[in-house]
Amino acid sequence: MAQRLELGLDTFGDVTSDADGERLPQHQVLRNVVAEAVLADEVGLDFIGIGEHHREDFAVSAPDVVLAAVAGQTSRIRLGSAVTVLSSDDPIRVFQRFSTLDALSNGRAEIILGRGSFTESFPLFGLDLAQYDELFEEKLELFTELRREVPVTWSGNTRAPLQNQRVYPPTAGGSLPAWIAVGGTPQSVVRAAHYRLPLMLAIIGGEPARFAPFVDLYKRALAQFGAPMLPVGAHSPGYVAATDEQALEEAWPHFERMQNRIGRERGWSPTTHSDYLASAGPDGALFIGSPETVATKIVRVAKELELSRFDLKYSLGTLPHELLMNCIRLYGTEVAPLVREQLA
């Protein structure tokens, strides 16, 4: 594990409710996301990641634009995607947007690349889901070439070839920081090692400890590819309030609606309150509770998985903006010091 565990936040810009339970319009949600990111900077957190979706229940379809707004109102926090759905985008435009963000933020941009957990972007942009694997593999290969910031010669089946082509603007640091997000398949872990990219584990269910074999596989794969050891991070849903009881009570109705809405699309069984409490318990994937409870769980998982960074996915469905702001405040001012104290 890194000497200092970085602590970040992730949001998908979930469409939230107001105090009366009415859903906010997406334009208001986008402004609220910016305010949440600014607060994360103020309370000393290391990273804010903003996800990309193309659905009614998530407001952010252009994370780099939202992050540019955040860059103009912050000075220290690093800014990234969570994730950029590379399969349905153009690697050159992705690089250009985030290298531009890097310039505007004075070198604070990162990008987390992934396949995404939804498929709406494929028909939206005229792509064939039958090419799901080929699109990601080819575009990731091209993107890693672009990160070298030298003239690129490349050819594949999913876009036009490049011949000794430069892409602008370059970054001041010479390479755009990038991670690969994986949901826990061995092939995805080995792919991250092959491209020499840090690994971000999306731990959204089950026991976090079950990801330890993937961390071991990643390290062995890096060694076999002759690559240096690289950071491993984890992303998990959570919510912080003053007490365990308050956090569990406030988050439950919003979490239930979100899980069951998505579950109906995917054929999942309805989530129950007992499932929720088990997942929020010591061995589950939900980091919900008081600052002390959440900090203790982060420390244990960070040690088990030898993490360099932990990102709390703090947006939980329609959970109101005011509660999210309080969660961020507690995460930065109480959880983070407790984590660093325990790790020290």
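Reader: How many cavities of 30 Å³ or more are there?
Author: Good place to begin, and please keep in mind that this is a predicted model. Rolling a probe the size of a water molecule over the atoms shows where empty space is left. A cavity is a space where a 1.4 Å probe fits but cannot get out. By this rule, the number of cavities of 30 Å³ or more is 2.

Reader: What is the volume of the largest cavity, and which element gives the largest share of its lining?
Author: The largest cavity has a volume of about 50 Å³. Its lining includes Val 29, Asn 32, Val 33 and Glu 36, and helix α1 spans residues 26-42. With 4 residues, the largest share of this lining comes from α1.

Reader: How many residues in the lining of the largest cavity are polar?
Author: Among the residues around this cavity are Thr 11, Gly 13, Asp 14 and Ser 315. Gly is counted among the polar residues here, while Asp counts as charged. The lining divides into 3 nonpolar residues, 2 charged ones and, for the polar class, 5.

Reader: What is the volume of the second largest cavity, and which residues line it?
Author: The second largest cavity has a volume of about 40 Å³. By class, its lining has 5 nonpolar, no polar and 2 charged residues. The residues that line it are Phe 95, Leu 146, Glu 149, Val 150, Val 152, Arg 166 and Val 167.

Reader: What is the relative accessible area of Val 152?
Author: Val 152 lies in strand β6. Leaving aside neighbours within four places in sequence, Val 152 is in contact with residues including Leu 142, Leu 146 and Leu 162. The C-alpha atoms of Val 152 and Leu 142 are separated by 8.6 Å. Val 152 counts as buried because its relative accessible area is 2%.

Reader: Now for the open spaces: how much space lies in the largest pocket, and which residues lie nearest its centre?
Author: Unlike a cavity, a pocket is an open set of points. The largest pocket holds about 1100 Å³ of space. It is lined by 47 residues, and those nearest its centre are Phe 12, Ser 117, Ala 202, Ile 204 and His 235.

Reader: Which element gives the most to the lining of the largest pocket?
Author: Several elements each supply at least two residues, among them β5, α5, β10 and α8. By class, the lining has 22 nonpolar, 17 polar and 8 charged residues. The element that gives the most, with 5 residues, is α8.

Reader: What is the volume of the second largest pocket?
Author: Of the 14 residues that line this pocket, Pro 177, Ala 178, Trp 179, Pro 198 and Pro 231 are the closest to its centre. Its lining has 7 nonpolar, 1 polar and 6 charged residues. The volume of the second largest pocket is about 190 Å³.

Reader: Which residues does Val 339 touch, not counting those up to four places away in sequence?
Author: Val 339 is found in helix α11. It is buried, with a relative accessible area of 0%. Not counting residues up to four places away in sequence, Val 339 touches Leu 5, Leu 7, Ala 295, Ile 298 and Val 299.

Reader: Looking at the whole protein chain, what is its radius of gyration?
Author: The chain has 11 helices and 12 strands, and buried residues make up 54% of its 344 residues. Its C-alpha trace spans about 60 × 45 × 40 Å along the principal axes. A compact globule with 344 residues would have a radius of gyration near 20 Å, and the chain agrees with that, at 19 Å.

Methods
Residues are numbered from 1 along each chain as its sequence is written. This is a predicted model: local features need pLDDT of at least 70, side-chain atom pairs count only at pLDDT 80 or more; totals for chains, interfaces and linings use all residues. Side-chain values use heavy atoms; hydrogens and water are left out. On a 1 Å grid over the protein atoms alone, a cavity is a set of points where a 1.4 Å probe fits but cannot get out, and a pocket is an open set with protein on both sides within 12 Å along at least five of seven lines; lining residues have an atom within 4 Å of a point. Grid points are joined across faces, edges and corners, and a volume is the space filled by probe spheres set on the points. The radius of gyration is taken over C-alpha atoms; the globule rule is 2.2 Å times the number of residues to the power 0.38. Buried means under 20% relative accessible area, exposed over 50%, partly exposed in between (1.4 Å probe, protein chains only). Contact means heavy atoms within 4.5 Å.
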